[in-house]
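Hi everyone, thanks for coming. Please have a look at the sequence and the model on the screen, and then I'll walk you through a few spots in it.

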Amino acid sequence: MVQDGQVIRSAIPSDAAEAVPLILDAIGSIAFVLTGTTDRKEAGFVLDQFFRQKGNRVSYENALVMDDLENVVEQSREGSLERSREVIGVVLIYDGSIARTLDKPLEKAAIQKSGLSDYRIPTEAEPSEFYLDTVSVHPKCQGRGFGRDLIEASCQHACKLGHSRIGLLVDTGNLGAMRLYERLEFRVAGRKQIAGDEYFHMIRNL
């Protein structure tokens, strides 16, 4: 998907260096829940490692990224020129019916990190929906509609996979985000408590 000098594509493992900091900025304290640590740098390291792997919630397999094509840099490598793109946005999306399975690798690592044998990552997604876990745009690029573009790309991706509904959670205090989702045809279907915080569960029929 290409428009206005940006392209949205499936992520690859090497996108971790640019995509994970954006994910961290978006999920805030949820990063600590996913990793079993309260140190942001350490949480970032754990998420970086999992992004590069298959079969987990934050895997590159479950990510779409937005590249900036307006500021492509020519880099010399071994005598040849290569075009270097910059990841300016990322979205994590996956089938809600396998959400628990995707959480297990992270949960296992969090148990080792925290030392708590009963550690459990709360499941966010509903089994009946394709789940929009995280959407994040680089601060320098916000306010240009890129978040909307990533959300629409996620909906298109869900449709291609045969899903009829996409869901997400939004902090009850984040009214700006809630209004954006409402403009994109999401509606509130209820509330959920995750890690002590309250969220609106919003869905959109596809």
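Let's begin with Gly-167, whose bridge partner in strand E8 is Ile-203. Helices (H or I, at least four residues) and strands (E, at least two) are DSSP runs, numbered from the N terminus. These two pairs sit in the pairing of E6 with E8 (residues 197-205), which is antiparallel and takes in 7 bridges. For two strands to count as paired, DSSP has to find at least two bridges between them.

Before I go on, keep in mind that this is a predicted model: local features need pLDDT of at least 70, side-chain atom pairs count only at pLDDT 80 or more, and totals for chains, interfaces and linings use all residues. Residues are numbered from 1 along each chain as its sequence is written, and side-chain values use heavy atoms, with hydrogens and water left out.

Back to E8. Strand E7 (residues 187-194) also pairs with E8, antiparallel, through 7 bridges. On that side, Arg-187 stands opposite Ile-203. E7 and E8 make a hairpin with 2 residues between them, and Ala-195 in the turn has a positive phi of about 50 degrees.

Now, how covered is strand E6? E6 spans residues 165-171 and is mostly covered, with 5 of its 7 residues buried. Buried here means under 20% relative accessible area, exposed means over 50%, and partly exposed is in between (1.4 Å probe, protein chains only). E6 has a parallel neighbour too: strand E5 (residues 130-137) is joined to E6 by 2 bridges.

Next, the cysteines. How many disulfides does the structure hold? It holds 0, where a disulfide is counted as a pair of cysteine sulfur atoms within 2.5 Å. Cys-155 is buried, at 3% relative accessible area, whereas Cys-159 is partly exposed, at 41%.

Last stop: Arg-57. You'll find Arg-57 in the loop between helix H3 (40-51) and strand E3 (63-77). Is Arg-57 buried or exposed? Arg-57 is buried, with a relative accessible area of 2%.

So what does its side chain reach? There's a polar contact of 2.9 Å to the side chain of Asp-133, one of 3.5 Å to the side chain of Tyr-94, and one of 3.1 Å to the side chain of Asp-103. A polar contact is a pair of N or O atoms within 3.5 Å; within protein, one must be able to donate a hydrogen and the other to accept it, and residues adjacent in sequence count only if both atoms are side-chain atoms.

Asp-103 itself lies in helix H4 (residues 99-114) and is buried, at 1% relative accessible area. Leaving aside residues up to four places away in sequence, Asp-103 touches Arg-57, Ile-121, Pro-122 and Thr-123, with contact meaning heavy atoms within 4.5 Å. Asp-103 and Pro-122 are 19 residues apart along the chain, and their C-alpha atoms are separated by 8.6 Å.
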